[in-house]
Amino acid sequence: MLKGKNAIVTGSTSGIGLAIAHSLAEQGANILLNGFAEKSAITALVSELQEKYAVRVDYSPADMTKPNDIVDMVAMCDRIFGRTDILVNNAGIQFTGTVDGYPVEKWDQIISINLSASFHTMRAVLPGMKKRNFGRIINIASVHGLVASANKGAYVAAKHGLVGLTKVVALENGDFNITCNAICPGWVNTPLVDKQVADRAAAENKDPQLVSQEMIGEKQAIKRFTSPEQIGGLAVYFCSNAASTTTGSAYTIDGGWTAE
Ligand code: NAD
């Protein structure tokens, strides 16, 4: 379905981004991976995707806190694949704490990676997409783009901002066959959540398995994790013809978290 299309997936060395890279590659898209990992792990990922799906795969080391790196990443995709058709803004981090005790450098880092990076990537890809009259942009927001939780001030602010920015980009580019949508997951089993489970298990002196069940139970009607692969499936949908008039949406995949 996506044969001949070229995709950048930020933060795709792990978790949701990696699963999205697999899902898009499975549909035939060439992939520019990005994110942090050991050099050997990155080489292995590039080979795995290339061999499994017979698509072109490369890697950009761009740091999403650095606007110049982001410009270089988009230029790299255009240079090696010819153009950028699909952009998935996925890179993100978490740090929990109350607003009055929140470290200023953590606030800046989360706003930079979870929000501003998407401005910089979209700013860089949109002129080419407009010229070619095609683009699919998917922003990985969160239920925290729609509702709040205590202790997640920076994350909630960044994700609400990302949902808003998604709508603006959708409105500005409707005449260019460019769609821009946000995906809003609830709990997904990835290293980002593993850390939150481990921190809470240590603080409450409880078994991590029990803590993860408690965390899901506090928020979701369906009391199990969404898998990264399920988010990959939704990303493929947003790139499909079936979704060609879906734009500016904030689509939940959250076990009913935001239904209440
Ligand atoms: P993860 O920790 O498994 O992966 C994060 C990825 O981002 C990694 O590849 C990492 O190397 C990369 N990254 C981090 N800082 C970066 C930087 N400065 N520059 C470039 N890459 C960087 O986390 P995940 O759970 O897969 O999260 C992916 C996205 O999904 C995030 O935006 C997160 O907010 C969002 N999300 C996750 C959940 C969940 O429950 N896991 C729920 C809702 C939304």
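Is Phe-238 counted as buried or exposed at 1% relative accessibility? Phe-238 counts as buried because its relative accessibility is 1%, where buried means under 20% relative accessible area, exposed over 50% and partly exposed in between, with a 1.4 Å probe and protein chains only.

This is a predicted model, in which local features need pLDDT of at least 70 and side-chain atom pairs count only at pLDDT 80 or more, while totals for chains, interfaces and linings use all residues. Residues are numbered from 1 along each chain as its sequence is written, and side-chain values use heavy atoms, with hydrogens and water left out.

**View 1. Phe-238 and Tyr-251 form an edge-to-face pair.** Rings of Phe, Tyr and Trp (its six-membered ring) pair if their centres lie within 6.5 Å, and planes under 30 degrees apart count as stacked, over 60 as edge-to-face and the rest as tilted. The ring centres of Phe-238 and Tyr-251 are 6.0 Å apart with planes at 85°. Phe-238 belongs to helix H8 (residues 228-239) and Tyr-251 to strand S7, 13 residues apart; helices (H or I, at least four residues) and strands (E, at least two) are DSSP runs, numbered from the N terminus. Tyr-251 is partly exposed, with a relative accessible area of 41%, and Tyr-237, Phe-238 and Tyr-251 form one aromatic cluster.

**View 2. Trp-187 and Trp-257 form a tilted pair.** Their ring centres lie 5.6 Å apart and their planes stand at 45°. The pair links distant parts of the chain, with Trp-187 in the loop between strand S6 (178-185) and H6, and Trp-257 in the segment after strand S7 (250-253), 70 residues apart. Both Trp-187 and Trp-257 are buried.

**View 3. Helices H4 and H5 are roughly parallel to each other.** The axes of H4 (residues 104-132) and H5 come within 7 Å and cross at roughly 15°; axes are lines fitted to C-alpha atoms, for helices over the stretch in contact, and angles run from 0 to 180 degrees between N-to-C directions. Angles under 35 degrees count as roughly parallel, over 145 as roughly antiparallel, 65 to 115 as roughly perpendicular and the rest as oblique.

**View 4. Asn-151 and Asn-205 have positive phi values.** Most residues other than glycine have a negative phi. Asn-151, with a phi of about 75°, sits in the loop between strand S5 (135-140) and helix H5 (153-172). Asn-205, with a phi of about 55°, lies in the loop between helix H6 (191-204) and helix H7 (208-219), and counts as exposed at 73% relative accessibility.
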